[in-house]
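Colleague: Hello! I am new to this one, and I would like to learn how to read it feature by feature. Could you show it to me?

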Amino acid sequence: PSQGEIVSAFGLATSTGNELDRALRAAVELTAAAAAGAPRYAVGLARGLVLPAGADTPFPLAGQAVGAAQAMARAAAFDTVVVTRDIATQVSDRYALAVGPSGAAEGARILSARTVTPAGRPELQLAGRRAELALLETLFDRVVASRRGRAVIVRGDPGIGKSSLLEALASRVIDRAAVHLVQVLDFGQAANERPGPALAHRLLAAATGATSAREAIERASHGGLLEPDDATAATDLLALEPVGPSAPRLAAMDPAARERARARVLDRLLARATLERPLLVIVEDTHWADATEIAQLGDLASAIAARPVLLALSTRAEGDPFPAAWRTRARGCPVTTLDLAPLAEDEARELAAAYANVGHDVLERCIETAAGHPLFLVQLLRSAEAGQTTLPGSVRALLLARVERLPQEVQQLLHAAAA
């Protein structure tokens, strides 16, 4: 890179399949940080194969994607993120875009991330999954009728439709329940945005009307929602830096005492939140949670056992973080596991029907290639609508991530077959 330029590569050593998401989050946060006095950046983002300089020192990188990203960044204004047209096609449901003129170095400019509401995304209607959705609705109805909590673990491969299914559930119950959705990210997530603190903040905000975490704690203390001594524990629960008297109080508590105090505050918040309406709490991508957070989710499941709360947890099937020991920790809370299989052919055709501009033969090839995988099918159809004939980068990334998790001898066999 030239002076003043930084080159960052995602998925260079190992591939997880979500490199594009990680790169976009990093780029958007970098450009947004300028408002807080941080250095200003213009970011160009491209995707493709790169050639590292060596095993020990990969930089400088070579490859068409590197040159494309540099060209876009150099042509862009500060505080903007520009992406290639193929990336724009794949992320148009998650980001608002300004598409540049045909032939310009800038494919599309990221304007903002689209907010995922508890009622779901109208542009991504759920196709199929009627039996699975009916099961989730039945579990929720049981929670409402018994006023006792339940947990459901929705498992499946990346892109199999876990998020879409849970969003569909939220849209079905939004008129009958308070819905809280939190997400676990694999990197770049502040401590107070992790699942436990984020959920506690949402419950406090709903009870007090305050958006600021510290203001919510103050209002809850003055309004009687929290006991006077609970303000310190609430600060700890929301992962805030302790100030004033809270700092020495927390320092004097051993870990077990802090855990009990946090659990007491969480129970009070759940009791307050369920006075008028049942709750649907969705925690997305729990496979990225650490061991402590998984244990805290077990404590949350235990806490809702006597409350009208359905706790829905999504995770990848591989490396399921909820073993039998976790269910033991969830004391008294029934736990259901729902494994998502690929779509049946009629469900895949229902999903493909939304892409009326794709020709019949191309549509048939997309359905056959996707083999019931909804994300693969959507990305193939979007690429076809945009006139692209190559396999979308998002699909390649997921396939490469799968290959890298295979035994070494199987990888060598695949490489030999592809040569």
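Colleague: Among contacts in the protein between residues at least 6 apart in sequence, what percentage join residues at least 24 apart?

Modeller: A contact means heavy atoms within 4.5 Å. Here 69% of those contacts join residues at least 24 apart. Before we go on, this is a predicted model, in which local features need pLDDT of at least 70, side-chain atom pairs count only at pLDDT 80 or more, and totals for chains, interfaces and linings use all residues. Residues are numbered from 1 along each chain as its sequence is written, and side-chain values use heavy atoms, with hydrogens and water left out.

Colleague: How many helices and strands does the protein have?

Modeller: Helices (H or I, at least four residues) and strands (E, at least two) are DSSP runs, numbered from the N terminus. This protein has 17 helices and nine strands.

Colleague: What share of the residues is buried?

Modeller: Buried means under 20% relative accessible area, exposed over 50%, and partly exposed in between, with a 1.4 Å probe and protein chains only. Of the 419 residues, 43% count as buried.

Colleague: Now the sheet, please. In what order do the four strands lie?

Modeller: Strands of a sheet pair through backbone hydrogen bonds, either parallel or antiparallel. In this analysis, two strands pair if DSSP finds at least two bridges between them. The four strands make an open sheet with the order 1-2-4-3 and mixed pairing. At its edges are strand 1 (42-45) and strand 3 (95-99), each of which pairs on one side only. From one strand to the next, the twist averages 35 degrees.

Colleague: Which residues stand opposite each other in strand 4 and its partners?

Modeller: Strand 2 (residues 80-83) and strand 4 (residues 108-113) run antiparallel and are joined by three bridges. Val-83 stands opposite Ala-108, and Val-81 stands opposite Ile-110. Strand 3 also runs antiparallel to strand 4, with five bridges between them.

Colleague: Let us turn to helix 4. Which of its residues are buried?

Modeller: They are Glu-132, Leu-133, Leu-136, Glu-137, Leu-139, Phe-140 and Val-143. The face turned away from the buried side carries the exposed residues Arg-130, Ala-131 and Ala-145.

Colleague: What covers the buried residues of helix 4?

Modeller: The cover includes strand 5 (150-156), helix 5 (162-173), strand 7 (279-284), strand 8 (309-316) and strand 9 (335-339). After helix 4 comes Arg-147, whose phi is positive, near 55 degrees.

Colleague: Can we finish with single residues? Is Asp-236 buried or exposed?

Modeller: Asp-236, found in helix 8 (residues 230-237), is buried, with a relative accessible area of 14%. Leaving aside neighbours within four places in sequence, Asp-236 is in contact with Leu-250, Arg-258 and Arg-262.

Colleague: And what does Leu-381 touch?

Modeller: Leu-381 lies in helix 15 (residues 374-385) and is buried, with a relative accessible area of 0%. Not counting residues up to four places away in sequence, Leu-381 touches Ala-352, Tyr-355, Val-358, Leu-363 and Cys-366. The C-alpha atoms of Leu-381 and Arg-365 are separated by 9.8 Å, with the two residues 16 apart along the chain.

Notes
Axes fitted to C-alpha atoms, helices over the stretch in contact; angles between N-to-C directions.
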